[in-house]
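Subject: Structure handover

Hello,

I am passing this structure on to you. The notes on what was found in it follow below.

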Amino acid sequence: MYAELFRLDGRTAFVTGGSRGIGLACAEALGEAGATVALSSRSRDEGEAAAAALQGKGIRAIYLPADLSTEKAAQEAVRRAADELGGLDILVNNAGIARHCDSLALPPETWDEVIATNLTGLFWCCRAALERMVAAGRGSIVNVGSISGFISNLPQNQVAYNASKAGVHMLTKSLAGEFAQQNIRINAVAPGYIETAMTRGGLDDPEWSKIWLGMTPMRRSGTPSEVAAAVLFLASDAASYITGSVLTIDGGYTIH
Ligand code: NDP
């Protein structure tokens, strides 16, 4: 009975930023569980290759190019995904960018870029999905937040990123309350340091890596699949009484 709760056969899922890293692992996890998956990114070649790789593993996957950093494009991308998939049961809002910069040197366009991608676009993806989910009478949204929504990272300064992720966590709780009685669950994950293109530079830097992993009780970085497993759980009926949660996946980083 319990294993069945994690199955997503017959369901449809859209994973933003599914072309690599955590998003690609999420698409694979949801697809392995039986969902038909759409994934998006700005880089078409990488996105098409990701969808082809999933198809090679027997997963029904399609690729939709989209820059999700504006209201219009974000809503259009979700509507198109729902149309092409024939419905939208699950949305994983994973697309995101990080920019390191001291606050006194932060260019306005960097602040705007980070907030637009990580927070504004994510809200409009939720909005477009919620319209469909309300009409369908069910749905599950998983937003990818970060430990940076709880703590201020060391040694890098990244005020826009941290603010955007704190926003994602609160947006998740706010929407969860608003749609709880409509059979729509909205949760988030808050990963710590995960090995992806986003963190490659820091993990390869001996000084940064010493700080990052030294502050992580498990003394290692996480893998995209370790986030994807939690996203699958939250997206599935195994989490049927969970909404408004922000699940931390950080090797213990935030226990201090
Ligand atoms: P990657 O850089 O490997 O992947 C980011 C994905 O988002 C890519 O598919 C990228 O494709 C897509 N993306 C970025 N900007 C846009 C945009 N404007 N429109 C559409 N797609 C976009 O990063 P990760 O896998 O590490 O990160 C995934 C999520 O996890 C992010 O939200 C990140 O903040 C979060 N996270 C990551 C952590 C880590 O340690 N790696 C820790 C905590 C949270 P393209 O560039 O082609 O558009």
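Two points on how to read the rest. This is a predicted model, in which local features need pLDDT of at least 70 and side-chain atom pairs count only at pLDDT 80 or more, while totals for chains, interfaces and linings use all residues. Residues are numbered from 1 along each chain as its sequence is written, and side-chain values use heavy atoms, with hydrogens and water left out.

Helix 2 (21-32) and helix 6 (159-179) are the elements that give two or more residues to the shell around the ligand; helices (H or I, at least four residues) and strands (E, at least two) are DSSP runs, numbered from the N terminus. There are 29 residues around the ligand, and Ser19, Arg42, Ser43, Tyr161 and Thr196 come nearest. A residue counts as near if one of its heavy atoms lies within 4 Å.

Polar contacts are pairs of N or O atoms within 3.5 Å. Arginine 42 has a polar side-chain atom 2.6 Å from an oxygen atom of the ligand. Backbone N or O atoms also take part: one of leucine 68 lies 2.9 Å from a ligand nitrogen atom, and one of glycine 192 lies 3.2 Å from a ligand oxygen atom. On its own the ligand has 880 Å² of accessible area, of which the protein covers 97% (Shrake-Rupley method, 1.4 Å probe).

Aromatic pairs

The structure has 5 aromatic pairs, meaning rings of Phe, Tyr and Trp (its six-membered ring) with centres within 6.5 Å. One of them joins phenylalanine 6 and phenylalanine 233, at 6.2 Å centre to centre with 35 degrees between the planes, and is tilted (stacked is under 30 degrees, edge-to-face over 60, tilted the rest). Phenylalanine 6 is in the loop between helix 1 (2-5) and strand 1 (12-16) and phenylalanine 233 in helix 9 (residues 224-235), so the pair ties together parts 227 residues apart in sequence.

Backbone

Leucine 154 and proline 155 are joined by a cis peptide bond, with omega about 0 degrees. Proline 155 is in the loop between strand 5 (139-144) and helix 6.

Regards

Technical notes
Polar contact = N/O pair within 3.5 Å; in protein donor to acceptor, adjacent residues only side chain to side chain.
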